[in-house]
Amino acid sequence: MLAWRGGSLIVAVLTAACGLSAQPVSFSGQVLPLLKQKCFACHGAGQQMSGYDLRTRETALRGGAAGVAIVPGDAGASPLIRRLTGLQQPAMPLGGKLPDAEITILRRWIDEGAPWGESAPAVSSATTRPRGITDEDRNWWAFRRPVRHDPPEAADPRWSRNPIDAFIYAKLRERGLDPAPPAARAMLLRRAYLDLTGLPPDSEAAQKFLRDDSPGAFAALIDRLLASPHYGERWGRHWLDVARYADSGGYEQDFNYANAWRYRDYVIRAFNQDKPYDRFIREQIAGDELDDADYDALTATGFHRVGATVGFREKDNPQYRYIYLDDMIGTTTRAFLGLTVSCARCHDHKFDPISQMDYYRLMAVFFPYVNYDHPLAPPAQVAAYQAKRNEVERRIELLKERIRAIEAPYRKLAFEQKLAAFPHDIQVAVRTPPEQRSEGQKLLATQVLSIRPGNYKLLMSAADRDAVDQLSRQIKDIEAGLPQPLPLAMGVRDGDYRLAPLGPGDDEAPGKGVKDDQEDLNPTFVSEPGQPYHPPKSYFLERGDYLARGPEVQPGFLEILADLGVPSSIRPADSRVTTGRRRALAEWIASKDNPLTARVMVNRIWQHHFGRGIVATSSNFGRLGRLPSHPELLDWLATEFMRSGWSVKYMHRLIMTSETYRMASDYSSERAQRLDPEDTLHWRYPLRRLEGEAIRDAILAVSGNLNREAGGPPYFPPVPERVRQSVAKGIWRVTDEGPAVWRRGVYSYFKRGMKYPMFEVFDQPDPNVTCEARSVSTVPTQALTLLNNDFVLQQARAFAARVLGEAGPEQEAQVRRAWLLAFSREPSTGELRDNIAFLDRQMKVQGGSALEALTDLCDVILNLNEFVYIP
């Protein structure tokens with residue numbers, strides 16, 4: 001089958017007809033002499049007009065002031081050929097024209113990849129030569145497979161029962177350090193609750209645990225907490241940071257992601273179900289390509305969609321696609337492998353054995369992806385829905401065509417009036433035929449054409465306005481017949497992005513229907529019906545420039561870990577349209593032979609239990625990352641994780657039943673402080689502040705107002721009007737304080753362009769990039785928020801009302817009840833005395849109101865470090 005590509009077919013036919021050689025063009029014998037004779041005078045040693053230098057391949061492909069001139073492999077798209085043939089102005093060479101035979105030579109040379117030299121590769125050797133893997137590279141600790149070391153012998157029985165303790169204790173003894181004593185039971189109770197659920201213990205559970213002095217009481221508590229639905233809400237939030245989750249796209253428009261919450265719920269559900277981590281990997285990277293793909297697997301591919309996006313279609317803005325691909329590569333490799341592969345986009349990685357070709361092999365894995373909203377319904381129901389929708393939309397489209405015909409002249413007039421206000425060069429760019437626009441004109445035209453015309457309706461005649469209004473009413477009547485939308489999961493699949501529908505920012509976007517919540521389930525992403533699927537080709541890009549295209553690149557993995565025996569494509573057993581490339585990548589990452597995957601995840605689990613991973617840089621196991629503090633322990637945990645069937649909950653039990661986890665945090669040692677001030681060796685348990693979401697959840701829990709409803713669309717916490725007005729794009733629904741917005745923080749709307757102020761002040765991460773660990777700052781606005789924020793004051797009053805109702809009018813009982821609810825312990829004698837004295841003073845200040853005085857005390861309690869820290 002013949003395919004048209006920029007005139008190359010005609011050239012090939014003419015060449016064959018004239019009997020010209022089908023051998024590759026000789027650069028030194030045909031191309032270079034031509035360039036020297038006809039081009040170097042203006043683009044050589046003497047001068048480089050328009051900043052364009054044709055003397056080397058690097059400068060020739062880089063282009064000049066007018067942009068790229070040569071697109072290797074595609075002469076028809078190369079401005080150099082367009083100028084030589086007169087299709088683009090100014091024509092070259094100035095004052096003359098090359099003979100057709102010479103243009104044919106240059107055209108063939110570019111179609112062959114624009115090689116530089118007789119045996120030159122398709123791109124310069126400086127960028128594509130193998131980086132070379134050295135023995136030093138292979139021996140880097142993270143690229144060696146984990147070795148299961150026997151735990152060291154520990155003479156102290158306390159440190160010999162759990163293998164974790166044996167490794168920790170051995171390091172402490174090497175430095176002559178003594179570990180902290182065990183934590184008090186009340187402290188341990190609160191630590192376990194906040195660690196696993198992000199909520200303080202309820203008073204009844206606290207009392208039950210504190211009365212149970214059996215040896216297995218703490219292990220039983222851990223099991224109960226792991227079985228709680230609140231566990232997934234807490235630990236799912238940690239993963240959502242890694243996945244750079246948000247409910248909007250960010251950038252200037254900050255478009256709403258209507259179905260992103262299904263991915264959030266999938267993550268929470270996966271942790272609650274203790275989904276094996278290797279399955280968790282496969283579903284997120286390639287859930288749509290699995291043989292047993294279910295609704296969860298399809299929803300999981302939202303991992304690739306929840307990052308920041310501009311929102312306009314990639315067909316007309318190809319630069320955005322490469323930004324998204326880079327985000328997918330960077331997030332996937334940092335999240336699962338702990339490697340900074342994105343650093344090799346423009347050149348070989350400066351520190352790790354990751355070549356630029358490695359990067360583009362991974363790009364070839366992802367390149368066929370298209371955004372796709374998966375219907376979560378049986379095929380028959382989907383087909384019936386689509387048939388009904390198509391029929392309704394067919395009738396609507398007929399009416400819309402009539403409206404467009406009436407409005408067209410007015411739209412054109414309004415656009416011309418608006419265009420006239422722009423500078424002359426912009427007007428010229430817009431009016432120049434698309435195929436004749438320079439790169440600069442293309443950019444200008446794209447930006448201007450994306451601007452909606454003025455209010456053309458003001459220009460319409462009364463008769464035409466009435467006609468449009470009547471047709472619009474008919475459309476509204478027909479819309480009532482649209483079927484109820486099916487549930488959709490925001491995800492990806494393979495296809496061809498060049499055939500994808502318009503994005504949410506485009507006017508008249510096909511496939512979007514007539515209502516925002518009515519979506520076309522089956523846009524054409526593949527090819528004409530009945531045609532085989534040919535995925536779009538992926539190319540090496542010099543210096544990471546999408547316009548400096550080199551040779552086609554086949555999918556593959558990192559050379560340093562390429563010996564795991566996984567093919568580059570694993571297609572599902574059925575006839576689904578897909579390449580199977582992401583499935584192969586998922587299998588490569590989830591392989592037990594991959595030395596990074598298990599290490600990275602157990603390190604993340606350790607990090608969220610102790611505040612810092614065994615490798616402190618949990619998303620960078622390369623040379624710029626930190627070395628592991630306990631490498632033998634990390635390897636032992638990694639092998640144990642895989643032996644357990646990749647069970648995350650098993651790792652929680654193992655870590656939390658260790659003496660290392662159960663040490664006191666309120667322990668001090670002068671020697672330890674001097675030798676290990678950062679507590680890297682774990683001589684005591686580290687105090688950790690809760691995140692903003694968990695602080696808000698804890699406040700709601702002790703006030704008795706926490707709405708424990710799980711899942712579903714996000715809620716919008718109330719935000720001051722002045723904050724809302726500072727962000728014009730996207731959505732933020734106005735709400736009032738009440739049960740509907742007193743749900744857990746993980747379910748709140750996470751808007752990239754405007755964070756909820758209480759979460760932001762407590763270091764909510766930047767959702768535009770994967771987050772390995774949240775920053776922990778200490779700034780005055782945190783104290784001011786907890787003291788004066790309307791939400792906190794309202795909940796302090798509810799907390800006080802709860803205490804008053806449960807404890808009665810006696811002040812000592814009130815203080816004891818407040819402390820039990822907030823801290824799961826009784827106040828000390830001094831604390832009790834000071835709190836009662838405070839109540840007495842506030843009674844006078846508040847005119848004798850017990851509720852107001854108690855509200856002030858509860859506000860102070862919510863501000864204490866003990867409330868916002870994991871002990």
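Start by selecting Arg543, which counts as partly exposed because its relative accessibility is 27% (buried means under 20% relative accessible area, exposed over 50%, and partly exposed in between, with a 1.4 Å probe and protein chains only). This is a predicted model, in which local features need pLDDT of at least 70 and side-chain atom pairs count only at pLDDT 80 or more, while totals for chains, interfaces and linings use all residues. Residues are numbered from 1 along each chain as its sequence is written, and side-chain values use heavy atoms, with hydrogens and water left out.

Stay on Arg543 and look at the backbone: phi is near 60°, a positive value in a residue other than glycine. Arg543 sits in the loop between strand S3 (539-541) and strand S4 (549-552). Helices (H or I, at least four residues) and strands (E, at least two) are DSSP runs, numbered from the N terminus.

**Zoom out**

Show the whole chain. Its secondary structure comes to 36 helices and six strands, and the C-alpha atoms fill a box of roughly 100 × 80 × 55 Å along the principal axes. Of the 871 residues, 54% count as buried. Among contacts (heavy atoms within 4.5 Å) with a separation of 6 or more, 71% are between residues 24 or more positions apart.

Now colour by pLDDT, the predictor's confidence in each residue, from 0 to 100. The mean for the chain is 88, and 91% of the residues reach 70 or more. Over residues 118-129 the value is below 50, and this stretch has 22 contacts in the model beyond near neighbours in sequence. Residues 501-524 also stay under 50, and there the model has 64 contacts beyond four places in sequence.

Most residues other than glycine have a negative phi, and most peptide bonds are trans.

Next, go to the loop between helix H5 (79-84) and helix H6 (100-111), where Pro90 is found. A cis peptide bond joins Gln89 to Pro90, with omega about -5°. Pro93 lies in the loop between H5 and H6 as well, and the peptide bond from Met92 to Pro93 is cis, with omega near -10°.

Select helix H24 (residues 597-610) and helix H25 (residues 631-643): their axes come within 9 Å and cross at roughly 105°. Axes are lines fitted to C-alpha atoms, for helices over the stretch in contact, with angles from 0 to 180 degrees between N-to-C directions. H24 and H25 are therefore roughly perpendicular (65 to 115 degrees; under 35 is roughly parallel, over 145 roughly antiparallel and the rest oblique). To see the contact, show Ala598, Arg599, Met601, Val602, Asn603 and Trp606 of H24 with Leu633, Leu634, Asp635, Leu637, Ala638, Phe641 and Met642 of H25.

In the loop between H24 and H25, pick Ser619. Is Ser619 buried or exposed? Ser619 is buried, with a relative accessible area of 1%. Its side chain makes a polar contact with the side chain of Arg604 at 3.0 Å. A polar contact is a pair of N or O atoms within 3.5 Å; within protein, one must be able to donate a hydrogen and the other to accept it, and residues adjacent in sequence count only if both atoms are side-chain atoms. Beyond four places in sequence, Ser619 touches Arg334, Gly338, Leu339, Thr340, Arg604 and Glu772.

**Helix H26**

Move on to H26 (residues 648-656): seven of its nine residues are buried, so this helix is largely enclosed by the rest of the structure. Select Val648, Lys649, Met651, His652, Leu654, Ile655 and Met656 to see the buried residues of H26.

**Last stop: Glu831**

Finish at Glu831 in helix H34 (residues 829-845). At 23% relative accessibility, Glu831 counts as partly exposed. A polar atom of its side chain lies 2.7 Å from the backbone nitrogen of Ser828. Leaving aside neighbours within four places in sequence, Glu831 is in contact with Trp819 and Arg825.
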